[in-house]
Amino acid sequence: MSNMDGGNSDQATAPSKKLITVLSIDGGGIRGLIPSTILACLETKLQAIDGPKARIADYFDVIAGTSTGALLTCMLATPSPGDNKLPVKAASELNEFYLEHGPKIFPQKKLGFLNKAANMVGAVMGPKYDGKVLHEKIKDVTGKVKIKDTITNILVPTFDVKHLQPVIFSTDEAKVDPLKNAYLSDICISTSAAPIYFPAYLFEVEEWKYNLIDGGVAANNPTMAAITSMMIPKEVPGGKLESSPRNHAEDNDFLVISLGTGYTRPEEEYTAPKCAKWGAWQWIYKGGFTPLIDIFSHASADMVDIHVNVLFKALRMEENYLRIQHDFLKGDTSSMDLATNKNMHALIGIGEKLLKSKVARVNINTGVHEPVEGKGTNEEALARFATKLAEERKRRANPKTHS
């Protein structure tokens, strides 16, 4: 269970039902700067209630992330070598990681006809990047920490190309299944191995071999996987069930914050008449876009968002689900790997603009997030969620007082 070990909030009384708290972060390459900007805001709201030492991992039962979302998850939940109750990165430091290392992870080539042609050929012949810098930086952040030792429960989807099935790593499962207790570095490298961009990754745990690529091919938006994981009674070593909120799901409400990395919707490019003429080359690389990757990741993320919306509405918990997503990234900001200083700051600006935008919910017919009247901005919603999170943490620290 999460590190909800108390706080000094003097806010109002705790909610009548216990909360199972979930944070989910989509994949999206360098566009991880969008959710990282929002995470910094959330942590600031929590610190305003519980003091400067408050960290996001203290408030969530599970943090789920895919690809770049998994990198953010690991930075939020990997214990610091100096203090294993504090993560290696505060949320305010996440943007700095991308700004410093992004250009080395995604080295930019000079523009020109020959380079454009080389990019097109490269997209067919092999991965765009060798991944060496990415692997190095992930190992620098996570060290020798294994997934069972994270500050709070985390969940990371990957996909096994040998067995053609999703492989989901989680703190809970790793505590009872040695084959799932991998190094965070191996898990994070695997889920970041986006086809076309980075090479697939092989590693072993207890002589079991994992042949993995980006979890985004199965769950670019890992929200539903995270919710489902918290509905399964938690088993502890010895085959016993731990006493926790999830073991009595009917007596609890969920509180979910789901952060996207923005959508690119090249509507003029992706039309049926045009796609009808495409061959394998165009589906892989077209006008600077990667149609197959875009389509699969969008479809996966949209289906999850729609299902969670329907679920929470049916359970009358709409107010406990917050999805923050940008629907229409344009130009350079739509790229997953354009790590120029200008573009990275533009992505931070999009995150800041989203905070000032109205709370929105997805239209199941169009996939577009439409503003909800009377709910304020996303930043105001984060402040409300921060209050609920702080109250739940305080309730758990003093169960008799807040029963």
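Q: Is S67 buried or exposed in this predicted model?
A: Buried means under 20% relative accessible area, exposed over 50%, and partly exposed in between (1.4 Å probe, protein chains only). S67 has a relative accessible area of 6%, so it is buried. Numbering starts from 1 along each chain as its sequence is written. In this predicted model, local features need pLDDT of at least 70 and side-chain atom pairs count only at pLDDT 80 or more, while totals for chains, interfaces and linings use all residues; side-chain values use heavy atoms, with hydrogens and water left out.

Q: Which residues does the "active site" annotation cover?
A: UniProt annotations may be inferred rather than shown by experiment. Here the unreviewed UniProt entry gives S67 and D214.

Q: Where do S67 and D214 lie in the secondary structure?
A: Helices (H or I, at least four residues) and strands (E, at least two) are DSSP runs, numbered from the N terminus. S67 is in the loop between β2 (62-65) and α2 (68-77), and D214 belongs to strand β6 (residues 208-214).

Q: What is S67 in contact with?
A: Contact means heavy atoms within 4.5 Å. Leaving aside neighbours within four places in sequence, S67 contacts G27, T191, S192 and D214.

Q: Is D214 buried or exposed, and what does D214 touch?
A: D214 has 7% relative accessibility and therefore counts as buried. Not counting residues up to four places away in sequence, D214 touches several residues, among them S67, F159 and P195.
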